[in-house]
Amino acid sequence: PHRAWGIENWVMLAKKILTMTEPDFKIVFLGGEDEEKLSGYFSNLNNRTVDLIGKLSLVETAKVISTSN
């Protein structure tokens, strides 16, 4: 069975985090090409989310993670 956390849960979590954080806080969504189908769900949350699902190489993803707070 597929054990991935449902997209509804990720969207709900992101919304909750955004209500609890400062206005300049951003959420960056990362994932591989096999998760690109999830991309559209996050781009509609608001201007405090960055959707990079399926858009970065592994090296680029590592760089984003290493520069995050």
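In which strand does Phe29 lie? Phe29 lies in strand E1. The structure described here is a predicted model. Its chain contains three helices and two strands, which follow one another along the sequence in the pattern α-β-α-β-α. The points below treat the chain as a whole, then its nonpolar core, its surface patch and some individual residues.

**Overall form**

- Taken along the principal axes, the box filled by the C-alpha atoms of the chain is roughly 30 × 30 × 20 Å.
- The chain has 69 residues, of which 23% count as buried.
- When contacts between residues at least 6 apart in sequence are considered, 36% of them join residues at least 24 apart.

**The largest nonpolar core**

- In soluble globular proteins, nonpolar side chains tend to be buried together.
- Nine residues make up the largest nonpolar core here: Ile7, Val11, Ala14, Leu18, Ile27, Phe29, Phe42, Leu45 and Ile53.
- Helix H1 and strand E1, the latter spanning 27–29, each supply at least two residues of this core.
- The largest share comes from H1, with four residues.

- Phe29 counts as buried because its relative accessibility is 10%, and the cut-off for burial is under 20%.
- Leaving out residues up to four places away in sequence, Phe29 touches Ala14, Phe42, Leu45, Thr49, Val50, Asp51, Leu52 and Ile53.
- Between Phe29 and Ser43, which are 14 residues apart in sequence, the C-alpha to C-alpha distance is 9.4 Å.
- Phe42, with neighbours within four places in sequence set aside, is in contact with Ile7, Trp10, Val11, Phe29, Thr49 and Ile53.

**The nonpolar surface patch**

- A nonpolar patch on the surface is formed by Trp5, Trp10 and Leu13, which together have about 310 Å² of accessible area.
- Trp5 is partly exposed, at a relative accessible area of 46%.
- Trp10 also counts as partly exposed, with 38% relative accessibility.
- Leu13 belongs to helix H1, which covers residues 7–20; its relative accessibility of 34% makes Leu13 partly exposed as well.
- One aromatic pair is found in a search of the whole structure.
- This pair consists of Trp5 and Trp10 in an edge-to-face arrangement, with 4.8 Å from centre to centre and 90 degrees between the planes.

**Lys15 in helix H1**

- Lys15 is placed in helix H1.
- A relative accessible area of 47% leaves Lys15 partly exposed.
- Lys15 and Ile27 are 12 residues apart along the chain, and their C-alpha atoms are separated by 9.9 Å.

**Thr61 in helix H3**

- Helix H3 comprises residues 58–66 and includes Thr61.
- Thr61 is buried because its relative accessible area is 17%, which is under the 20% cut-off.
- Not counting residues up to four places away in sequence, Thr61 touches Leu30 and Leu56.

Key. Residues are numbered from 1 along each chain as its sequence is written. This is a predicted model: local features need pLDDT of at least 70, side-chain atom pairs count only at pLDDT 80 or more; totals for chains, interfaces and linings use all residues. Side-chain values use heavy atoms; hydrogens and water are left out. Patches are made of residues with over 30% relative accessible area and no salt bridge: like charges are joined within 9 Å, nonpolar side chains (Val, Leu, Ile, Met, Phe, Trp, Tyr) within 5 Å. Accessible areas come from the Shrake-Rupley method with a 1.4 Å probe; for residues, only the protein chains shown count as cover. A salt bridge is a side-chain nitrogen of Lys or Arg within 4 Å of a carboxyl oxygen of Asp or Glu. Buried means under 20% relative accessible area, exposed over 50%, partly exposed in between (1.4 Å probe, protein chains only). A nonpolar core is a set of buried Ala, Val, Leu, Ile, Met, Phe, Trp, Tyr and Cys residues joined through side-chain atoms within 4.5 Å. Contact means heavy atoms within 4.5 Å. Rings of Phe, Tyr and Trp (its six-membered ring) pair if their centres lie within 6.5 Å; planes under 30 degrees apart count as stacked, over 60 as edge-to-face and the rest as tilted.
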